[in-house]
Amino acid sequence: MVNQDILIIWIKYQDGKPSEYLYSPEILQRLDFNKSPAIFKPKISAAQPGEDWMVVRPLQRSDYDKGFLQLLSQLTNVGNISRKLFDDRFTKMKQSGGYYVTVIEDTRVGKLIGAATLTIEQKFIHNCSLRGRLEDVVVNDTYRGKQLGKLIVVTVSLLAQELGCYKMSLDCKDKLIKFYESLGYKMEPGNSNAMNMRFDDPS
Ligand SMILES: CC(C)(COP(=O)(O)OP(=O)(O)OC[C@H]1O[C@@H](n2cnc3c(N)ncnc32)[C@H](O)[C@@H]1OP(=O)(O)O)[C@@H](O)C(=O)NCCC(=O)NCCS
């Protein structure tokens, strides 16, 4: 058995009982970080994040208790989400199959310290292709500046490629354009406007 297999088994059974993944974790172990233009110093990857207390993995149902929602609240307003609501949303995301919420855990303290989501749109165009979207990127503020933002974004971007997407898109604040450019994203002149229509109080 290789180290990666042992790691996956350990993650699954760390609390003595299996915790359900949103998607299969094995795919993250085979992502080839050499395909990304991102420069990591020192070199790290989803399979080998550089510290033995750090794991890059799919979201688990039990992550409600590992600070996932508190982490997201460093990105935007999350609201008051009960365990039942979280559970129902997790189930729906899993059933739909197009949600790849990916996290970094600090296993020393059992807390999530980074997250990003790949969502996949099924298309008719381009021969029934798939398009990826990068959403909800966040690193816990006490862990920033240590390559974890790059690590989680490159992980889900390579995942999109591995799953057969023809492109991956994102919306971001102006100040983060350089960050995403260093990871392979490009402004496309004449085709780079993000527009939104916001609705009052959706119930
Ligand atoms: C953006 C964010 C995920 C980056 O995480 P991080 O772990 O600090 O990023 P890294 O350590 O991997 O930094 C990668 C590079 O991006 C740069 N960078 C990081 N955050 C930046 C920011 N807010 N503004 C400008 N540059 C930034 C770093 O200086 C670094 O550059 P270098 O490689 O030349 O040294 C993190 O700041 C965050 O969670 N911010 C709040 C939520 C947010 O804005 N999310 C993005 C929504 S689009």
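This is a predicted model: local features need pLDDT of at least 70, side-chain atom pairs count only at pLDDT 80 or more; totals for chains, interfaces and linings use all residues.
**Entry 1. Conventions**

I number residues from 1 along each chain, as its sequence is written.

**Entry 2. Overall form**

I took helices (H or I, at least four residues) and strands (E, at least two) as DSSP runs, numbered from the N terminus. The protein has seven helices and five strands. Their order from the N terminus is α-α-β-α-α-β-β-α-β-α-β-α.

I then looked up the dimensions. The C-alpha trace spans about 50 × 45 × 40 Å along its principal axes. The radius of gyration of the protein is 17 Å, which agrees with the value near 17 Å for a compact globule of 203 residues. This radius is taken over C-alpha atoms, and the globule rule is 2.2 Å times the number of residues to the power 0.38.

For burial I placed C-beta atoms from the backbone: a residue is buried if 20 or more other C-beta atoms lie within 10 Å of its own, exposed if 12 or fewer, and partly exposed in between. By this count 27% of the 203 residues are buried. For contacts I required C-beta atoms, likewise placed from the backbone, within 7 Å. Of the contacts between residues at least 6 apart in sequence, 66% join residues at least 24 apart.

**Entry 3. Strand pairing**

I counted two strands as paired if DSSP finds at least two bridges between them. Strand β1 (residues 54-58) runs antiparallel to β2 (residues 99-106), with five bridges joining them. Within this pair, R57 has V103 of β2 as its bridge partner. All five residues of β1 are buried, so the strand is largely enclosed by the rest of the structure.

Strand β3 (residues 111-122) pairs with β4 in the antiparallel sense over eight bridges, and E121 stands opposite R131 of β4. On pairing with β5 (residues 165-169), β4 runs in the parallel sense, over four bridges. There L130 is opposite C165 of β5.

**Entry 4. Two helices set side by side**

Helix α4 (residues 83-96) has 14 residues and reaches 20 Å between its first and last C-alpha, close to the 20 Å expected at 1.5 Å a residue. Helix α6 (residues 148-162) has 15 residues and reaches 21 Å, close to its expected 21 Å.

Their cover is another matter. The count of buried residues in α4 is zero, so to speak of cover here is to say that the helix is hardly covered. In α6, twelve of the 15 residues are buried, including L148, I152, V156 and L159.

**Entry 5. Backbone exceptions**

Most residues other than glycine have a negative phi, and most peptide bonds are trans.

- The peptide bond from K41 to P42 is cis, with omega near 0°; P42 lies in the loop between α2 and β1.
- H126 is not a glycine, yet has a positive phi of about 50°. H126 belongs to helix α5 (residues 125-128) and counts as exposed, with 10 C-beta neighbours inside 10 Å.
- Q147, also not a glycine, has a positive phi of about 80°. Q147 sits in the loop between β4 and α6 and is buried, with 20 other C-beta atoms within 10 Å.

How values were computed
Two residues are in contact if their C-beta atoms, placed from the backbone, lie within 7 Å. The expected span of a helix is 1.5 Å times one less than its number of residues.
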